[in-house]
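These are my notebook entries on one structure.

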Amino acid sequence: LSATPEVAQRAHRSIRTWLEKRFGPEAAARIPIQYGGSVTPDNAIGLMTMPDIDGALVGGASLAADKFQAIFASAADVAGMQSNGGANGVQITTPDNYWDLTDSVRKLTAESERVQRELAEAQDKLNNRGGTGIQQMTGKEIVGCRNDLGESPVWDHEQKTLYWVDITGKRLWSWDVSKDSASASSVPLPSMVGCVALVQDGSNVLVALQDGFHRLDANAYPLRHQLVAEWSETNAYGLDTRPNDGRVDRNGNLVVGSYNFQHKQDGAELGSLYRLTPGGELQRILEEKHRVSNCICFSPDGRTMYFADTPTRRIFAYDYDPDPTNLSPLSRKRLFFELPPNVQGQPDGANTDSEGGLYVAITGGECVLRLTPEGKISARVSLPGVNPTSVTIGGPNLDTLFITTRRGPDGGGLYGAKLPPQLPKGLPEPKYGFQASSKSRGNMESYHSSDRERGSRKTGSVPSSSSPHSRSLPVARQASPSSTLSFRERVEGIRQG
């Protein structure tokens, strides 16, 4: 918040008075008190002419070069008053290195303008690489699901159903696209959920919860589940992590990475990359540690795996062996793509198309990029005002890009973009090849619920994860009633838009 110079002066005067009482007038006069509110070119002069304001902290939006220079120009005006006895009778003290600072600001401004010109030129070249340009599309909201943190979209081509999760909202979403978008609904889960995967045994799906991997009968009410494998990083090693991004390889193994809950505070690279075999064995397949696993997906032949530690802004490719007996399946690591300096955001969830192109959500960048197998940008999906989180290709003709998003002014919904004919279609999503084994915890059990009505909007309370086999879970929550168009109507709207 920004106070007027007069209000700021009264606050500083009160502080000065307290200092005088505590330490005496001489000591109080020697203690500088700087203003820490919003400083702009419009209020800089007024603030710096106040007798008890000894300076101002400039940051945030004020660090834009033009605003920063204007603030220093205001300081120059105040400094000029010094030779005339000050403004309003107030003596102004100018730092000895003031003119050095002003010159530095001028140089900073010139450098900023140069960089902006170079970035604009680079963007022009990027948009016209090879003389063909980059295919431009715009995503539109399909389902008004209002997710807190939507992630992990997977398309069941046989059932014509899309699944995705709301990580922090602790919900599993599904939408049969033969019905209108308002029919999309969700069921609550007992903890945060990193990802969802299809399972080969029919209607079941696999979800990665904080305590481990659970097979769910998504069509049963109440929801039925079976623990396939525990999350060892927390349960065995006590790390403050959870499963995050994951996808099934072409041979039915689920590859999933970690998320360090405290990575924004400690920057610690704690997490690993794991492979859950059909028999329920959780194998660590990457020795390198990371903070936020993302971009996990596979080339059409299943022999290349992509991976990113999101804060690094880099996507790597690995040679990949899907044989679960090979405990070191990753080799020949190489940099596949690094976000250019002029592109904001970080790489999040990704998936590949039928020709090996990689679609990656750029969270914080309001777009999805398609990268060729050589790592060159070939298409861009704009999502103005929206933070995308992950992608997959689905729809009856495998030509719709589905995009999950995080909550924001225009985010939290499921977005879509119709792929033009010149871009390859998608591939059916691989399914986890579940095999019952001694590692699986018993048979499918029911989550107990007092409300079995399908499509209920009752939300209830999210149960504790302390008892994995007896959880009171309310049933389905539907999407926003404002989203009533059919899938066909939504796709036609995307195409026309």
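Entry, strand β13. I checked which way its side chains point: G271, L273 and R275 face one way, S272, Y274 and L276 the other, and all are buried. Buried here means under 20% relative accessible area, exposed over 50%, and partly exposed in between, with a 1.4 Å probe and protein chains only. Strands are DSSP runs of E of at least two residues, helices runs of H or I of at least four, numbered from the N terminus.

I note that the model is predicted, so local features need pLDDT of at least 70 and side-chain atom pairs pLDDT 80 or more, while totals for chains, interfaces and linings use all residues. Residues are numbered from 1 along each chain as its sequence is written, and side-chain values use heavy atoms, without hydrogens and water.

Entry, partners of β13. Two strands pair if DSSP finds at least two bridges between them. β12 (residues 254–260) runs antiparallel to β13 and is joined to it by 4 bridges; V256 has Y274 as its bridge partner. On β14 (residues 282–290) I found 5 bridges to β13, again in the antiparallel sense, with L282 as the partner of L276. The β13–β14 hairpin has 5 residues between the strands, and G280 there takes a positive phi near 90°.

Entry, cavities. I took a cavity as a set of points on a 1 Å grid over the protein atoms alone where a 1.4 Å probe fits but cannot get out; lining residues have an atom within 4 Å of a point. Points are joined across faces, edges and corners, and volume is the space filled by probe spheres set on them. I found 2 cavities of 30 Å³ or more.

Entry, rings. Rings of Phe, Tyr and Trp (its six-membered ring) pair if their centres lie within 6.5 Å; planes under 30 degrees apart are stacked, over 60 edge-to-face, the rest tilted. I counted 7 aromatic pairs. W18 and F23 are edge-to-face, because their centres are 6.2 Å apart and their planes at 80°. W18 is partly exposed at 48% relative accessibility. W164 and W173 are stacked, 5.7 Å centre to centre with 10° between the planes, and both are buried. Y274 turns up again, in a cluster of ring pairs with F213 and W231.

How values were computed. 1 Å grid on protein atoms, 1.4 Å probe; cavity = no way out; pocket = protein on both sides within 12 Å on 5 of 7 lines; lining within 4 Å.
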